[in-house]
Amino acid sequence: APSDKFAYLQVSAAAHSMYPQILGYGDVAWWPDGLGAKINALRRFVWRDVADNDVVLFLDAFDVLVFAGPEEVMTRFADMEARSQRSIFFNAEEACFPEFPDICNAAYPKTPDPRWRSLNSGMIIGRGAALRDMLRDPVDDIIPGSDQAWYQRYFLRHQDSVAVDANCTLLCTTKGIGAPFGVDLVGRHLENTALGSRPAAVHFVSSGHWPIWVNGTPTTVLHDVFSRLYPSASERLLGSIDLSFRIGGTHENRLLSLRGHGRRKYIRLMGSVLCLKCTLGSADRECAYVPSWTSEPCGDLAILLLATSQAVAVAAAVVAKRRSWLRALPCVRSRGKLADHVV
């Protein structure tokens with residue numbers, strides 16, 4: 001389905017005079033096992049539209065930011081190609097996936113920094129001829145372990161022609177920003193401070209694109225970086241809360257669109273719902289940001305529950321006092337009746 005998350009790639013690429021072509025739109029695909037279709041979409045493109053000496057940069061659509069233009073990408077690629085004598089490079093990450101015994105084992109190639117060791121199929125750059133050689137035949141649309149299992153096995157069998165960008169010269173992955181991740185935002189670039197490089201494209205893998213809560217507001221590491229680099233585009237494209245429905249290709253209606261104060265109020269409601277879920281034992285990963293009732297997302301709910309408990313306590317005291325008065329009242333009436341009878 002269409003997603004506004006394409007803004008991350010489109011806006012950052014266009015800012016560097018690069019204009020992505022979408023592949024596989026409308027194909028049936030799902031994570032993880034349904035991503036054989038992703039391989040076939042790239043295969044159709046390189047066999048139909050790419051010359052032997054062309055260079056193709058293939059990027060995931062929803063969790064990548066671009067930091068360099070075509071000339072810089074071509075210069076770095078040519079240098080990597082000449083030094084390594086390889087013509088296809090994948091971005092690398094710390095975790096080896098999928099954890100199949102023929103892939104993730106002690107024989108897996110080592111790199112200078114283990115945080116950028118294992119192949120990740122979310123970013124690929126290569127010469128047309130080498131890509132066509134790799135993608136000579138169609139693959140099954142359904143592959144256990146995702147497209148990455150297929151690429152991993154190809155890489156392990158063809159290390160003379162395929163490599164991972166272990167130095168983040170062109171392609172890099174990260175789960176976060178700061179010293180623990182070895183990646184920092186310096187000016188308008190992401191720098192790999194651990195390896196001393198400035199990658200041309202950065203893939204925000206796993207927790208890098210998962211929801212986090214900062215100062216009572218949901219965001220992601222990816223979105224935070226994008227918002228700092230492109231604040232106007234971020235607010236315009238991703239700064240609202242929308243509820244809409246679509247009927248085929250003919251009708252689309254927006255039922256709700258919240259910005260500014262309305263958006264902030266809705267986020268406070270989201271925080272209260274999340275707080276309630278987490279305190280009731282939910283295993284949602286966002287519960288990591290709601291460790292107790294004093295957590296910021298719990299603010300409104302905590303105040304409401306405190307006010308409710310105080311109101312209940314006051315009501316209970318009033319009821320108890322009334323019952324005490326009512327128990328005493330019949331005794332007075334019975335004595336009055338007895339006196340009347342004696343008279």
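Reader: Thanks! Which residues of α2 meet α5?

Author: Happy to start there, and do keep in mind that this is a predicted model. From α2 come Lys38, Ile39 and Leu42, and from α5 come Asp147, Trp150 and Tyr151. Sorted by class, that contact has four nonpolar and two charged residues, with no polar ones.

Reader: At what angle do the axes of α2 and α5 cross?

Author: They cross at roughly 65°, and the axes come within 7 Å. Helix α5 covers residues 147-157.

Reader: OK, new helices. How do α6 and α7 pack?

Author: Helix α6 takes in residues 221-229 and helix α7 residues 231-238, and the two pack at an angle of about 125° with their axes 5 Å apart. That makes α6 oblique to α7.

Reader: And which residues meet there?

Author: On the α6 side you'll find His223, Phe226, Ser227, Arg228 and Leu229. On the α7 side they meet Pro231, Ala233, Ser234 and Leu238. The class tally for this contact is five nonpolar, three polar and one charged.

Reader: Let's zoom out. What domains does the assignment give?

Author: The domain assignment lists domain 1 as 7-235 and domain 2 as 256-326. Their C-alpha centres lie 42 Å apart.

Reader: How many residues are in contact between domain 1 and domain 2?

Author: Nine residues of domain 1 are in contact with 10 residues of domain 2. Between them the domains bury about 950 Å², and 63% of that is on carbon and sulfur atoms.

Reader: How many salt bridges are there between the two domains?

Author: The count between domain 1 and domain 2 is one. As for salt bridges you can look up in the model, Arg259 and Glu235 meet through their side chains in one, at 3.2 Å from N to O.

Reader: What does the salt bridge count come to for the model?

Author: The count comes to 16 salt bridges. Another one to look at pairs Asp27 with Arg44, where the closest N and O atoms are 2.9 Å apart.

Reader: Where do Asp27 and Arg44 lie?

Author: Asp27 lies in the loop between α1 (6-14) and α2 (36-49), while Arg44 is in helix α2, so the pair ties together parts that are 17 residues apart in sequence.

Reader: One last thing: what about the bond joining Phe97 and Pro98?

Author: That bond is a cis peptide bond too, and omega is about -5°. For Pro98, look in the loop between β3 (88-93) and β4 (118-127).

Reader: Great, thanks for the tour!

Notes: Residues are numbered from 1 along each chain as its sequence is written. This is a predicted model: local features need pLDDT of at least 70, side-chain atom pairs count only at pLDDT 80 or more; totals for chains, interfaces and linings use all residues. Side-chain values use heavy atoms; hydrogens and water are left out. Axes are lines fitted to C-alpha atoms, for helices over the stretch in contact, and angles run from 0 to 180 degrees between N-to-C directions. Helices (H or I, at least four residues) and strands (E, at least two) are DSSP runs, numbered from the N terminus. Angles under 35 degrees count as roughly parallel, over 145 as roughly antiparallel, 65 to 115 as roughly perpendicular and the rest as oblique. Contact means heavy atoms within 4.5 Å. Ala, Val, Leu, Ile, Met, Phe, Trp, Tyr, Cys and Pro count as nonpolar, Asp, Glu, Lys and Arg as charged, and the others, Gly among them, as polar. Domain bounds come from an automatic or database domain assignment. Buried area is the accessible area (1.4 Å probe) that two parts lose on being put together, summed over both. A salt bridge is a side-chain nitrogen of Lys or Arg within 4 Å of a carboxyl oxygen of Asp or Glu.
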